[in-house]
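Hi,

Here is the structure I promised to pass on.

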Amino acid sequence: MLLQLIFPPKCIFCDSLLKIGSKRYICDNCYHEIPFNYTEINSRGYVDKIIAACSYTGIIRKALIKFKFNDRPGFYRTLAQLFVETTGLYDRRDEFDVIVGIPLHKKRKSDRGYNQAQLLAKEISKKTGIADWSAILERPVYTEAQSLLNRDKRQKNIKGAFRVLDPKMISGKKVLIIDDIVTTGSTLNECGRILKMCGATYVEAGVIAHADKLQLDL
């Protein structure tokens, strides 16, 4: 509370000042503009299901771009809260053993200063009690940014990019992997493939937003 008196909370979407003690960093006007669109996608790939809280449009799209590319790591708390509320994940927390945020290669993480997916995973873990095991998955191979590639090149680009550090720990686990956006699902599917190879029995992916024209490669 003292910290909020010194640094008053602001809406992450429009920067308007909020009341001290606000639990969501969203003003009422912006909250009503959020493109909520809870979606469940059953996959034929290595990820058993994908759940998304919103459509990747409007103020959510703008916020995620800022979060990912414009040095706004603090957005993770509000975005994670929206995800948990919209997807009903708290009521499903017993369905998962661990949460894993999609890793970044160390160079890209150094350039950005943080990993947005792992920030989300950490906060979602805090809110649900599902253990955060993001550190068990790494990305040793540096790849081109998926957002810069067409759908035909994304699968080839991401193939073999991930590694589980301790496969025995993953064996028999039900895993929720977390990312910010899903477009073709190539990254999620490759993570699911590696986790399943290490013995994970179930892999579900959770994202803040899905592309409007969702064309999954799964």
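D15 sits in the loop between α1 (2-6) and α2 (28-31), where helices (H or I, at least four residues) and strands (E, at least two) are DSSP runs numbered from the N terminus. Its phi is near 70 degrees, a positive value in a residue other than glycine. Most residues other than glycine have a negative phi. D15 counts as partly exposed because its relative accessibility is 43%; the scale is buried under 20% relative accessible area, exposed over 50%, and partly exposed in between (1.4 Å probe, protein chains only).

Before I go on, a word on what you're looking at. This is a predicted model, in which local features need pLDDT of at least 70 and side-chain atom pairs count only at pLDDT 80 or more, while totals for chains, interfaces and linings use all residues. Residues are numbered from 1 along each chain as its sequence is written, and side-chain values use heavy atoms, with hydrogens and water left out.

D71 also has a positive phi, of about 55 degrees, although it is not a glycine. You'll find D71 in the loop between α3 (58-69) and α4, and it counts as exposed because its relative accessibility is 58%.

Now the overall picture. The protein chain has 9 helices and 8 strands, and 51% of its 218 residues are buried. Take the contacts (heavy atoms within 4.5 Å) between residues at least 6 apart in sequence: 70% of them join residues at least 24 apart.

On to the sheet. It is an open one of 6 strands with mixed pairing, in the order β1-β2-β8-β7-β3-β4; two strands pair if DSSP finds at least two bridges between them. At the edges are β1 (36-42) and β4 (131-132), each pairing on one side only. Inside the sheet, β2 (residues 49-55) and β8 (residues 202-210) are parallel, with 6 bridges, and K49 stands opposite E204 in β8.

β7 and β8 run parallel too, joined by 8 bridges, and here I178 faces G206 in β8. β3 (residues 98-101) pairs with β7 in the parallel sense over 4 bridges, with V100 opposite I177 in β7. As for cover, 8 of the 9 residues of β7 are buried.

Last, what lines the second largest pocket? The pocket holds about 390 Å³ of space. Of its 19 lining residues, I12, Y25, G74, R77 and T78 are the closest to its centre. A pocket here is an open set of points on a 1 Å grid over the protein atoms alone, where a 1.4 Å probe fits, with protein on both sides within 12 Å along at least five of seven lines, and lining residues have an atom within 4 Å of a point. Its volume is the space filled by probe spheres set on the points.

α4 (76-87) and α6 (116-128) each give at least two residues to that lining, and α4 has the largest share, 3 residues. By type, the lining has 6 nonpolar, 4 polar and 9 charged residues; Ala, Val, Leu, Ile, Met, Phe, Trp, Tyr, Cys and Pro count as nonpolar, Asp, Glu, Lys and Arg as charged, and the others, Gly among them, as polar.

Cheers
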